[in-house]
Amino acid sequence: MFKYNFCGKEVVFLCASRTYYHNKKKYYLDGNCYDSLECADFISDPDAVIIEETLRDKKYLSNLLDLSKSKRIAEIKQKHSIVNLIIDLTYGKGIRKKLKKKLEDVKHLSNQETRLLLEVAVFDKADIEYYPVELFNERYGRAVELSEKIDIKNMKIVDFLRYDDRGLSLRNSMFQDELLKMNRDKIYTVLKELLIYISRYVYEGNNDVWVIIFQSLLKEKRLNEQFVFTEKEIGKLLYELKDNYEDISYYWLQLGIYEQQKKDYAKALSHLKMAQHIQPKSFKIQHAIARNYLKYANSQSSFSAAENLFETGEQLMKALIQSREYYIQKAKPFSISCYVLEKVRYIRRFSVKVTVKELCELRDMLKSVYRPEDVYIIKAMQEYYKLLEIPGKQNLVKITFGSPYYDILRKTVSDRETEDHANMFPQNVLKLING
């Protein structure tokens, strides 16, 4: 499509994908004109104002029509979620009563049917596209009947599920959340049993549906954020699966990240080295090891203990940043943001003397991958500029309208004025801005 001439018209492609696939393939977009956006189902204060205006303009205020503008905004904000708001505006509060009644019907299902329903809900929550029909046939094929015969007086599991030749999924996302909430104490056991069961199909180097399920269910971040597992629960699950996945690099990677989150960098390094032994060319593993060394160094209490650790991590991270391999180059912004943040912490924590050459090197790294929408690079630039302020080396970066450091500087000055209203905008800063 990029090769066609559209006669001066601008063509915009709107694409969407599940988080798993997006994270796997987003680096292919680099080099093209694109924005990567995450749509979170949460209503912030600015969102509520925009939503109220949009609903008013489109005459879709429904039951909010009789309220004042300020009360509408407050009511919209109270819904917390876009889904909740849409349901209340479309169906009213009665839909929740129907949902609760439907949940009562679940109690009349057999133990096997209830178990399957909960497993499918776990898949949906983990953003896995479907529960494979092969898995259903093996685990429930003879015990659960997916019949299309509808009997209002005797609800069947088919009333809660939709399925095709690939697999099963829930009919209603609201039902998924309520079902998981109602069975919170069973989720750990269900998830563990699923991971043990599919381990027979997960092989290193494959990229099939079983690997996708395995990685989606075991990801440390998802266990914490989506399933609200405690640190103790995540650790217990990971270690209980050791015998099932000891030949899989992704398992050791997640175990290493878990220990890294606990700040046990020595144990994390051991696990990450196991992952590297299985998959030596994996960028993710190489990056995790390099970053672990840097974090390990910054956790030390003395410079003498930190120096060798940091130099090792720095050498490994720079090798990734300077790599000419296609896939590693695509992840260069992430490597640079991680490296700069840890480098700045190291310099400040241990009062390390840094040369102008080194400061320029960090500046040029950030400049080479700068994109205004990359929050990680912006954060790294903010910390880098704070570092320049210590020796008074702000003149190493250009502060002109439109430059990334202009907004950073403006925010820094604004924060300082908030802390002390007596301080006026520094004259040397005005000179820098005015050129």
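This is a predicted model: local features need pLDDT of at least 70, side-chain atom pairs count only at pLDDT 80 or more; totals for chains, interfaces and linings use all residues.

Residues are numbered from 1 along each chain as its sequence is written, and side-chain values use heavy atoms, with hydrogens and water left out.

**First stop: α9 and α10**

Select residues 187–198 (helix α9) and 209–218 (helix α10): their axes come within 10 Å and cross at roughly 150 degrees. That makes α9 roughly antiparallel to α10 (an angle over 145 degrees). Now show side chains: Leu191, Leu194, Leu195 and Ile198 of α9 meet Trp210, Ile213, Phe214, Leu217 and Leu218 of α10 (contact means heavy atoms within 4.5 Å). By class, this contact has 9 nonpolar, no polar and no charged residues.

**Second stop: α6 and α7**

Next, select 111–125 (helix α6) and 133–140 (helix α7), whose axes come within 12 Å and cross at roughly 155 degrees. α6 is therefore roughly antiparallel to α7. On α6, pick Gln112, Arg115, Leu116, Glu119 and Phe123; on α7, pick Leu135, Phe136, Arg139 and Tyr140, and you have the contact. Its residues divide into 5 nonpolar, 1 polar and 3 charged.

**Last stop: Ser282**

Finally, go to Ser282, in the loop between α15 (265–278) and α16 (283–298). Is Ser282 buried or exposed? Its relative accessibility is 18%, so Ser282 counts as buried (under 20% relative accessible area, with a 1.4 Å probe and protein chains only). The side chain of Ser282 reaches the backbone nitrogen of Ile285 at 3.4 Å.

Key. Axes are lines fitted to C-alpha atoms, for helices over the stretch in contact, and angles run from 0 to 180 degrees between N-to-C directions. Helices (H or I, at least four residues) and strands (E, at least two) are DSSP runs, numbered from the N terminus. Angles under 35 degrees count as roughly parallel, over 145 as roughly antiparallel, 65 to 115 as roughly perpendicular and the rest as oblique. Ala, Val, Leu, Ile, Met, Phe, Trp, Tyr, Cys and Pro count as nonpolar, Asp, Glu, Lys and Arg as charged, and the others, Gly among them, as polar. Buried means under 20% relative accessible area, exposed over 50%, partly exposed in between (1.4 Å probe, protein chains only). A polar contact is a pair of N or O atoms within 3.5 Å; within protein, one must be able to donate a hydrogen and the other to accept it, and residues adjacent in sequence count only if both atoms are side-chain atoms.
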